[in-house]
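Keep the sequence and the picture side by side as you read.

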Amino acid sequence: DGGITQSPKYLFRKEGQNVTLSCEQNLNHDAMYWYRQDPGQGLRLIYYSQIVNDFQKGDIAEGYSVSREKKESFPLTVTSAQKNPTAFYLCASTIPPDTQYFGPGTRLTVL
Amino acid sequence: AQSVTQPDIHITVSEGASLELRCNYSYGATPYLFWYVQSPGQGLQLLLKYFSGDTLVQGIKGFEAEFKRSQSSFNLRKPSVHWSDAAEYFCAVDAGGTSYGKLTFGQGTILTVHP
């Protein structure tokens with residue numbers, strides 16, 4: 001079955017620690033996206049990539065980093081510079097401007 | 001700045017009642033419009049989308065939405081709500097142009113369904 005997978009489902013981070021969230025798709029989509037979701041704020045775009053080896057900052061990129069070495073993979077690193085990382089993180093992919101397909105999400109909690 | 005507004009944070013309806021969720025956007029040209037649904041702790045699922053053509057679009061689960069250019073709105077409707085429709089609903093817009101493929105989301109509307 002084609003789809004998007006995210007791992008882990010739950011992740012806990014200690015102060016000062018970097019953590020990496022995984023996002024993989026087998027839909028052969030060119031573009032991939034990372035969103036952050038907080039209650040009452042909808043989804044906000046962190047980073048996006050329209051082709052391999054290229055990515056752009058979204059609206060809230062500070063404290064995050066990404067890479068796009070393979071078409072199928074778009075990992076997100078939450079660095080220690082992100083002061084309030086507790087949130088639900090969603091990955092999506094598409095062939096623009098068609099529907100974005102979303103993964104099941106990763107819930108990150110800072111201990 | 002471009003924006004998407006869902007004026008209703010929380011809506012409660014009785015099962016079997018009709019439903020309308022509002023969405024307004026502020027963009028210069030006609031954007032690409034989407035409605036997504038999210039169950040707690042899950043990803044988003046597409047209900048329907050509008051790119052061009054007929055302004056009344058049909059989606060999954062009995063939902064429909066109407067694009068009204070004059071009102072910059074894309075409201076979601078359902079004639080008879082089922083208890084399983086309880087979820088959070090998001091309107092999203094792709095402005096096209098240099099924003100091609102980037103979605104801007106509304107704040108979401110939480111739907112509660114009473115038996």
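A bit of housekeeping. What you see is a predicted model, where local features need pLDDT of at least 70 and side-chain atom pairs count only at pLDDT 80 or more, while totals for chains, interfaces and linings use all residues. Residues are numbered from 1 along each chain as its sequence is written, chains are lettered from A and ligands numbered from 1 in the order in which they are written, and side-chain values use heavy atoms, leaving out hydrogens and water.

**The two chains**

Helices (H or I, at least four residues) and strands (E, at least two) are DSSP runs, numbered from the N terminus. Chain A has zero helices and 11 strands, and chain B has zero helices and 12 strands.

How does the radius of gyration fit a compact globule? It is taken over C-alpha atoms, and the globule rule is 2.2 Å times the number of residues to the power 0.38. For the 111 residues of chain A the rule gives a value near 13 Å, and the chain has 13 Å, so the two agree. For the 115 residues of chain B the rule also says near 13 Å, and the 14 Å of that chain agrees.

Buried means under 20% relative accessible area, exposed means over 50%, and partly exposed is in between (1.4 Å probe, protein chains only). Accessible areas come from the Shrake-Rupley method with a 1.4 Å probe, and for residues only the protein chains shown count as cover.

| Chain | C-alpha span | Buried residues | Accessible surface | Carbon and sulfur share |
|---|---|---|---|---|
| Chain A | about 35 × 25 × 25 Å | 50% of 111 residues | about 5300 Å² | 48% |
| Chain B | about 45 × 30 × 20 Å | 45% of 115 residues | about 5500 Å² | 50% |

Most residues other than glycine have a negative phi, and most peptide bonds are trans. Now for some exceptions. Ser7(A) and Pro8(A) are joined by a cis peptide bond, with omega about -5°. You'll find Pro8(A) in the loop between β1 (4-7) and β2 (10-13) of chain A.

Asn53(A) isn't a glycine, yet its phi is positive, about 65°. That residue sits in the loop between β5 (43-51) and β6 (54-57) of chain A, and it counts as exposed because its relative accessibility is 62%. Over in chain B, Ser72(B) also has a positive phi, near 50°. Its loop runs between β8 (64-68) and β9 (73-78), and at 23% relative accessibility Ser72(B) counts as partly exposed.

Which residues does Pro104(A) touch, leaving aside its neighbours within four places in sequence? In its own chain they are Ile4(A), Thr5(A), Gln6(A), Phe88(A) and Leu90(A), and in chain B they are Gly41(B), Gln42(B) and Gly43(B). Pro104(A) lies in the loop between β10 (101-102) and β11 (106-110) of chain A, and its 33% relative accessibility makes it partly exposed.

Technical notes. Contact = heavy atoms within 4.5 Å.
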